[in-house]
Amino acid sequence: SRSERILIGCPPNEEHVFSSLIATLFLRQRGLNVTYLGANVPISRLDDAINSIQPDLIILTAMQLHTAANLYEMAQFINSQDVDLAFGGYIFTQLPELRKKIPGHYLGNQLEEIVPTVEHLIVRPGKTVDFEPLSDRYQDALVHFHDKRPFIHAYLWDKVKQDVMKYDHLSIANKYLSLDIDAALRLGDINYIQTDLDWLKALLVNYDLPVELLPQYLAYYREALDTQLDERGAMVIEWIENLVEE
């Protein structure tokens, strides 16, 4: 019953859709024309949707640190298309300073805040938040980490296979810790990993990774970083050294 068009979805690799589904329901109940794109939306699909639907507002939700980094990259693309962005999700309640990194409008910490916030934005669009480009230091660290990641994982396999950690457990641990390091570097603050670490521990437990092996795994990961990274990766090494020493 209303002319405004809204797109709702999740950035690449984000499979948690509860918040975006609830937002879709709430906004449709208010008579808004909402197109739900679902989980794990690639930029190419979003581009097609923007061109065909011509939305007044795009809403994206992210629950994890690495999907927040993907949301950040999508936000830059949306900015270039001259479309307003609103965003939310669990990671932004756990890490409030991360909201300032996203060039868009934060939807708030509670689901009931979504409707009034969105209605305000489509009636009176706010000034799009500028984003800070990644510093040269973090850009160099990110490229260096990407180049050395296969060698880091190879070192870990050589070390950990001598213990009781199974290959499947090691693969899961490597995958998610690497995703978090990559995300923190893309977002420009290595300390962001700390917030996601408790979530990561719970995830690994769900994958049957014994909790008592995690400290030893992190110690091995520090060794791998020491052997593979040079001064460009110093911030990553320093972060994990502080973690292991706690």
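This is a predicted model: local features need pLDDT of at least 70, side-chain atom pairs count only at pLDDT 80 or more; totals for chains, interfaces and linings use all residues.
Visitor: What is the strand order in the open sheet, and how do the strands pair?
Guide: The order is β2-β1-β3-β4-β5, 5 strands with parallel pairing.

Visitor: Which strands stand at the edges?
Guide: β2 and β5 (105-106) do. Each has a single partner strand, so one side of each lacks a neighbour in the sheet.

Visitor: Over how many bridges do β1 and β2 pair?
Guide: Strand β1, residues 5-9, pairs with strand β2, residues 33-38, over 5 bridges in the parallel sense.

Visitor: Which residues in β2 are the bridge partners of I8 and G9?
Guide: I8 has Y36 as its bridge partner, and G9 has G38.

Visitor: What unit do β1, β2 and helix α1 make?
Guide: A right-handed β-α-β unit, with α1 covering residues 18-29.

Visitor: Switching to helices. How do the axes of α2 and α3 cross?
Guide: Helix α2 (residues 43-53) and helix α3 (residues 65-80) have axes that come within 11 Å and cross at roughly 30°. Angles under 35 degrees count as roughly parallel, and α2 and α3 are therefore roughly parallel to each other.

Visitor: Is that crossing of α2 and α3 left-handed or right-handed?
Guide: The α2 and α3 crossing is right-handed.

Visitor: And α10, what span should its 12 residues have?
Guide: At 1.5 Å a residue, helix α10 (residues 234-245) should span 16 Å. The C-alpha atoms at its ends are 16 Å apart, which agrees.

Visitor: Which residues in α10 are buried?
Guide: M235, V236, I237, W239, I240 and L243 are buried there.

Definitions and conventions
Residues are numbered from 1 along each chain as its sequence is written. Side-chain values use heavy atoms; hydrogens and water are left out. Two strands pair if DSSP finds at least two bridges between them. Helices (H or I, at least four residues) and strands (E, at least two) are DSSP runs, numbered from the N terminus. A crossover is right-handed if, with the strands pointing away from the viewer, the path from the first strand over the helix to the second runs clockwise. The expected span of a helix is 1.5 Å times one less than its number of residues. Buried means under 20% relative accessible area, exposed over 50%, partly exposed in between (1.4 Å probe, protein chains only). Axes are lines fitted to C-alpha atoms, for helices over the stretch in contact, and angles run from 0 to 180 degrees between N-to-C directions. Angles under 35 degrees count as roughly parallel, over 145 as roughly antiparallel, 65 to 115 as roughly perpendicular and the rest as oblique. A crossing is left-handed if the near helix is turned anticlockwise from the far one by less than a right angle, and right-handed if clockwise.
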